[in-house]
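I opened this entry to look up aromatic pairs and the annotated domain. My notes follow in the order I made them.

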Amino acid sequence: MAITYLAERFFDGDTLHTNTTVTIDQGKVLAIGNHTDSPTPLAGTLVPGFVDVQVNGGGGVLFNSNTSADALNRIRHAHSQFGTTAMMPTLITDSLDTITRAADAMAEAIAQDSPGILGIHFEGPHLSEPKKGIHRSQFIRPITDDELKQFTRQDLGKVMLTVAPENVPADVIADLVRQGVRVCLGHTNADCDTTLKALEAGANGFTHLHNAMSPMTSREPGVVGAALADDNSYCGLIVDNYHVDKVTVKASIKAKGIDQVMLVTDAMAHVGSDIDDLAFFDTRIIRTGDKLTIPAGNLAGSALDMASAVRNTCQSGLSLEQALIMASRTPARYLGLADQLGKLQPGYQADMVLLDDTLNATQTWIQGQVVTQQ
């Protein structure tokens, strides 16, 4: 049965409106501005649901530690409290056995049509040792046919793979792209020329821009310089006020544009839970306030949620509309879902989040169904 909402403010993915009605039917947006006699009022700003392409965990669950379809649903539910309606659960560098089990879990979730689960992001294990971050050295390795077999499965929904281009040949990148994998460059110490060759081979993304990659300097552009100069690739950006300075956030978005920058959380299990101390392979990830580190002090993913990423982006000097586009429309477009997600216009999936005046999520819908309400 169709339901009509009257939103105090409404962002359709392109334009911010006031006092606008939105009619939802069978999980999709049926009409905008279809005034009925008794619409359900919504106080706040109704916006497209957030799409997060890098989510390691949530709700006390880390995907690496619990490779099951149930874990994926628990992670999704934790993040839906903060407006995320679609995500790419992310597996950090691990053993082949864990990669296989994670792929099997994702295949099960896709077969079940689990709401909000789009596919899987393999972050590693074919990374650069000097830029490994918290990825464990014992699992960083050259790519083999065994891993390729998992990455190119056709039952995983959307597939992203983060690699270091100095350690994965361009012809392998090209073959992965031909088989439907979205190859991102990250945890890499590559020079600019190597990065450009990877882009020419079909890589089209950069994982958490500025973090764990060779920087741009005056005479060596590095991975960052190649990313900012390229017109076609997309960059994930962790706007948690720890990973990237506010000025760098603003400068990067100005250089790259809101249609090529995606807000991501890189969230660990801490999001949506009260845990402060999480076992992680041979170390621990500790939350201090809203900052995550290992005991040595290195940043260890984030405790960021997407509503906070939007809020922080606005505090970095961007408009609300710009932040919302980077949280929804741009990642949807990167994943090839621009005609389904990232907008609230007729024919689009009714994935929505209601934000209050301080940009906190108060209600979230997936396919027109309320999944969380504060």
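I kept in mind that the model is predicted.

I looked up the UniProt annotation, an unreviewed entry, and its "domain: Amidohydrolase-related" covers residues 45-371. Over residues 45-371 I read 30% helix and 23% strand. The end C-alpha atoms of that stretch are 17 Å apart.

Aromatic pairs. How many aromatic pairs does the structure hold? I found five. One of them joins Phe-139 and Phe-281, with 5.5 Å centre to centre and 50° between the planes, a tilted pair. Phe-139 sits in the loop between β9 (119-123) and α3 (145-151), and Phe-281 in the loop between β15 (277-280) and β16 (283-288), so this pair ties together parts 142 residues apart in sequence.

I then checked accessibility for both rings. Phe-139 has 18% relative accessibility and counts as buried, because the cut-off is under 20%. Phe-281, at 34%, counts as partly exposed.

Next I took Tyr-234 and Tyr-334, another tilted aromatic pair, at 5.1 Å centre to centre with 55° between the planes. Where do its two members lie? Tyr-234 is in strand β13 (residues 234-238) and Tyr-334 in helix α9 (residues 320-334). The pair thus links distant parts of the chain, 100 residues apart. I noted both tyrosines, Tyr-234 and Tyr-334, as buried.

Cluster. Last, I went back to Phe-139 and Phe-281: together with Phe-280 they form one aromatic cluster.

How values were computed
Residues are numbered from 1 along each chain as its sequence is written. This is a predicted model: local features need pLDDT of at least 70, side-chain atom pairs count only at pLDDT 80 or more; totals for chains, interfaces and linings use all residues. Side-chain values use heavy atoms; hydrogens and water are left out. Rings of Phe, Tyr and Trp (its six-membered ring) pair if their centres lie within 6.5 Å; planes under 30 degrees apart count as stacked, over 60 as edge-to-face and the rest as tilted. Helices (H or I, at least four residues) and strands (E, at least two) are DSSP runs, numbered from the N terminus. Buried means under 20% relative accessible area, exposed over 50%, partly exposed in between (1.4 Å probe, protein chains only). UniProt positions are given in the numbering used here, feature names are shortened, and annotations may be inferred rather than shown by experiment.
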